[in-house]
Amino acid sequence: MNKVMLLATTGLLSATVGTASWAQEAHPITGDALASDQTFSYRLLDQFPSIDPQLIEETAGGHVARQLFEGLLTQNADGTLRPGVATEWSSEDNTTWTFKLRDDAKWSNGDPVTAQDFVFAWQRAADPATASEYAWYVELSKIENAGAVIAGDSAPDSLGVRAVDDHTLEVTLAQPLPYFPQMAVHYTFMPTHRPTIEAHGANWTNPENIVSNGAYVLDDIAVNEFFRLKPNPEYWGADEVIIKEVTGYVINDVNQALTRFQAGEFDMMDDLPAGSFPRLEAEAPDVAHSVPRLCSYYYTVNQSESGHEALQDVRVRQALSYAIDRSVITDRVLQAGQAPAFSFTHWATAGFELPSIDYADWSQQERLERAKALMAEAGYGPDNPIEINLIYNTSENHKQIATVISQMWRPLGVSTQLNNYEWQSYLDIRGNQNFDVARSAWCGDYNEASTFLDLLTTNNDNNDGKYSNPEVDRLMDLSLTESDPQATYTQVEKILAEDMAILPIYHYTQNFVLDPAIRNWPMENVENNWYVKDIYRAAAD
């Protein structure tokens, strides 16, 4: 029996509790004196394409959605589950899950949040008419009939989710999934307000139209410049929200962004300039932070019919991977604790053991010699060179890494054309397989190895390289029926390494600078899920 029942009793769930309007001068738990200016601002590398929970496909939009919308469950600072709209959740068999919803949850227009709102949103995510980039996530969660709905073979209302009553949501899975509640945290499963969407269509997320149920509401936005959030007075926990204004600034230039942070223009930024972390940490250890983050950085190789002929040869893909000196990338370019990657799944993933991959144990000179031999076997080399197109999104760090790697490939007879695109164009080009090699990264949608490995199954929509191996598909299906799938995950990682399905480069750390006045930041959340409602600004000493 798997049964979890938690009550949303304020004060027991986190260190962030309080009283109405935060009139007191000190935080009631930490004792910190509170600043009179309770604002928080941060830098975004790129403009998020959408804040519609069912259309978001990347982390920037996900961070904003986490403030605007609240799903069934959220996370504590250490990544453990806590109540969101649901106060209790339970399952007798890990197949039928029941969520009891709080009766004081409201939309920002005052409407009650009900189980029907979740049914609408989840059906909408799976409905082909929505064209959600994360429809595959609904199928991955094993909700009954998800595959048929996504394929257009069944109506959206056949999805295995129903409102038993206004405050009871029942989810039926096609097979047991003990970590389903973890998956329910994801923005794809956040509720959306049907009347607003039906009234405004694609414009429903504009500030003048949007109706949300999270701790904040969208107050203003200027595309590619900034957005601003204000507290949602209808939020069930509004009396506990300390930060009264949230602002995000879109700044593509990482060096300019750091200069502006140091000038005090905003409170937090990640994606620091490559190589800057050691200096920043030495100068201000209370400002610069490096913590594990559940993301892997890799290069996607286009293995579709439109891909480069040479890259369809596994020997060429292996050669490209072997020639990458990952320690140069992590220790000389980035210098912030990242780990060289020879497999896909991040080492910090819960319950995951890094497999032994042959080429990981070779010296870099051995890898390079083997790479040259493989290129010669495939008929390529300095006497028969190949040219490949490598795309990346706007970032000085991505540019530096691409430049260094292109130099590492030169001894193989590979010349590399580097092409930089702004975020949305990059996503479109990569998603339509109009590239040879593409800068990529994957951040876990939940803390379990399948969040990485499922990406490389044949039918995953985010498998932009269109890698396909029936054995990988079979093993990932098998893993869902195993009480301990670690051995299966090891097999999958070894196949991915043999096929060189992707070119793994490094496992992330979350490197960022944060104004020390901002307190309660979730340093131990490896998924980098942060909620502004949990933080506060302390008064200057």
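The model is predicted, so local features need pLDDT of at least 70 and side-chain atom pairs count only at pLDDT 80 or more, while totals for chains, interfaces and linings use all residues. Residues are numbered from 1 along each chain as its sequence is written, and side-chain values use heavy atoms, with hydrogens and water left out.

I begin with the loop between α5 (180-183) and α6 (194-200), which holds H193. Helices here are DSSP runs of H or I with at least four residues, strands are runs of E with at least two, and both are numbered from the N terminus. H193 has a relative accessible area of 4% and is therefore buried; buried means under 20%, exposed over 50% and partly exposed in between, with a 1.4 Å probe and protein chains only. What do the polar contacts of the H193 side chain reach? They reach the side chain of D111 at 2.9 Å and the side chain of T196 at 2.6 Å. A polar contact is a pair of N or O atoms within 3.5 Å; within protein, one must be able to donate a hydrogen and the other to accept it, and residues adjacent in sequence count only if both atoms are side-chain atoms. Leaving aside residues up to four places away in sequence, H193 touches W107, N109, D111, F120 and V211, where contact means heavy atoms within 4.5 Å.

F189 is found in the loop between α5 and α6 as well. Its relative accessible area is 0%, so F189 is buried. Beyond four places in sequence, the residues that F189 touches include F118, W122, Y137, F180 and M183.

Next, T168 lies in strand β8 (residues 168-172) and counts as buried at 6% relative accessibility. Its side chain joins that of K100 in a polar contact of 3.3 Å. Among the residues that T168 touches, again beyond four places in sequence, are T98, F99, A115 and R162. T168 and R102 are 66 residues apart in sequence, with their C-alpha atoms 9.2 Å apart in space.

Helix α9 (residues 314-322) is largely enclosed by the rest of the structure, because seven of its nine residues are buried. Those buried residues are V316, R317, Q318, A319, L320, S321 and Y322.

I close with the helix pairs. Helix α15 (residues 470-479) packs against helix α16 (residues 486-499) at an angle of about 165°, and their axes are 9 Å apart. Axes are lines fitted to C-alpha atoms, for helices over the stretch in contact, and angles run from 0 to 180 degrees between N-to-C directions. The angle therefore makes α15 roughly antiparallel to α16; the classes are roughly parallel under 35 degrees, roughly antiparallel over 145, roughly perpendicular from 65 to 115, and oblique for the rest. The contact is made by residues including V472, L475 and M476 of α15 and Y489, V492 and I495 of α16.

How do α10 and α12 compare in orientation, oblique or parallel? Helix α10 (residues 326-334) and helix α12 (residues 396-409) cross at roughly 135°, with axes that come within 11 Å, and are therefore oblique to each other. Here V328, I329, V333 and L334 in α10 meet Q400, I401, V404, I405 and M408 in α12. The residues of this contact divide into eight nonpolar, one polar and no charged, with Ala, Val, Leu, Ile, Met, Phe, Trp, Tyr, Cys and Pro counted as nonpolar, Asp, Glu, Lys and Arg as charged, and the others, Gly among them, as polar.
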